Each structure stands twice: as C-alpha cells, then as structure tokens.
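Please inspect the sequence and the model before reading each solution.

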Amino acid sequence: MKTKYLLLLISFIFLIAACSEHKTKTHHEESKKQHVTHSANDYMHQSSTDELIERFESPERDAYQKPEKVLEYLGDVKNKRIIDIGAGSGYFSVKLAEKGANVIAADVSDEFQNALKKRIEDYKIKNIELRKIPYDSPNLKDEEVDMVLIVNTYHHIENRSAYFSEVKAGTKVDGELIIIDFFKIEVPVGPPTDHKISIDKVIAELKEAGYGKFNVNVDLLPYQYMIKAM
C-alpha cells in the first residue's frame, strides 16, 4: 500500500514539473514572438504603403511636423547635398529640393522609392536622386554629403552606433546630422512609447559613433525633439 502511494506521489510531482516546464517554455516562446513581431518596423508595416503615404502627406502631419519651421531651423540649404534617410513618400525630400538642395532620397522600401519616382516624374523635379539603401547601412561614399536628415526614422534603425559611424564618414568634415524623432512619452502621434528612443540614449549612441558636438531643441515641435550633431 505504501509503495503504491509513493509511486502515485512521484508521478504527481513529475506531472507538476512537466506542466511548469511547458508553461515556462510557452511563455518564453510567446515573449520571443511578441518581440519579433512588434518591432518598430513591424508596427509601421501593419499599414499598407498607400495608407502610410496618405498619413505621411496629410494636413494632420503638417500641423504637428511644422515643415516650414524645420526648414528654417536647417538654415540655407541651397546647393547643399543632403541625404534624407527614411525619405518614405518624399515629405521632406521634395521640400528640400524646392529650397534648392540637391537631395538623395534614401529608403529601404522599393514601394516608397517607386511612389516617389512617380512623384518626381509627375512634377518634373530635377534635383532629387533616389537611392535604395539596405537596413544596415546609409550607403554613402566618404564625405559625400553636407547634411544628413533623419525624420521619424532613428527608432527604426538597429545597431545604431555602427550605422552612424558610417553616416559620419559619409558626411563632410563641417557637415551636420539632423535627427527629428518623437519624445519618449505618450503623445497623440507616432509609434508606441516603447519603440521610441530617448534624447539621452540618442546622444550616447551618437557619441559612440564618433560625434562630439550636439545641439538639442525641444521647443520647436510639439511632439518631437530635434538633435543637430557634428
């Protein structure tokens, strides 16, 4: 009788252990799945390219992005060679070209590049060059540009210190990197808060990439900070 009871007890202990291991494994797999499918890039591409273009070019965006104030902040861009990384629909690329800049509209997406190509052709814009870039490189030649503009895209980039080392190498000695991205707080626009990157972290990563001078503006735009790095 005692032997039978002991065997039942051992079986019960093994059953509990097996259930616990299964639960832990399931939780780990679910967490891993959430991490993989809920990155900033995955979040953005829950919408179609057409939906994204409509959102990017909307009056609602104009209201918070305040492009004229941004362009004023950038200063005189006439004849400057500027790469717009994460150009998307060309929201800033077109505006920079209108101000006389020679723009490289760079993006990882063929669909965005094709849509912008049509826009360039329709409006006969001569000073925008399209450039398809990989996820892990800005694809710049040494000292190729005077300015690098990255709007609402910094949080999409991985291995940022290495990436921005290449950005720095591709910028002229007296050139500038301009980053505009969302405050790491709840605001009515932009990605979820856990996808956003704080100002302190951006500066720390850029220091690792070789940048040494920074100018931070938190007053110009309602939901975004602006960092000028050199």
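**Exercise 1.** Determine which residues of helix 3 are buried, and where they lie around the axis.

*Solution.* Step 1: in helix 3 (residues 49-56), Thr-49, Leu-52 and Phe-56 are buried (under 20% relative accessible area, with exposed being over 50% and partly exposed in between; 1.4 Å probe, protein chains only). Helices here are DSSP runs of H or I with at least four residues, and strands are runs of E with at least two, each numbered from the N terminus. Step 2: viewed down the axis, these buried residues fall within an arc of 60°, so they line one face of helix 3; the arc is taken from the directions from the helix axis to the C-beta atoms. Step 3: Asp-50 and Glu-54 are exposed on the other side of helix 3.

The model is predicted, and local features require pLDDT of at least 70. Residues are numbered from 1 along each chain as its sequence is written.

**Exercise 2.** State the strand order of the open sheet and identify its edges.

*Solution.* Step 1: the 7 strands follow the order 3-2-1-4-5-7-6, with mixed pairing (two strands pair if DSSP finds at least two bridges between them). Step 2: strand 3 (128-132) and strand 6 (214-217) each have a single partner strand, so one side of each lacks a neighbour in the sheet.

**Exercise 3.** In which sense do strand 5 and strand 7 pair, and which residue stands opposite Ile-178?

*Solution.* Step 1: strand 5 (residues 171-182) and strand 7 (residues 224-229) are antiparallel, over 6 bridges. Step 2: opposite Ile-178 stands Lys-228 in strand 7.

Methods:
Predicted model: local features only at pLDDT ≥ 70, side-chain atom pairs only at ≥ 80, totals over all residues. Heavy atoms only, no water.
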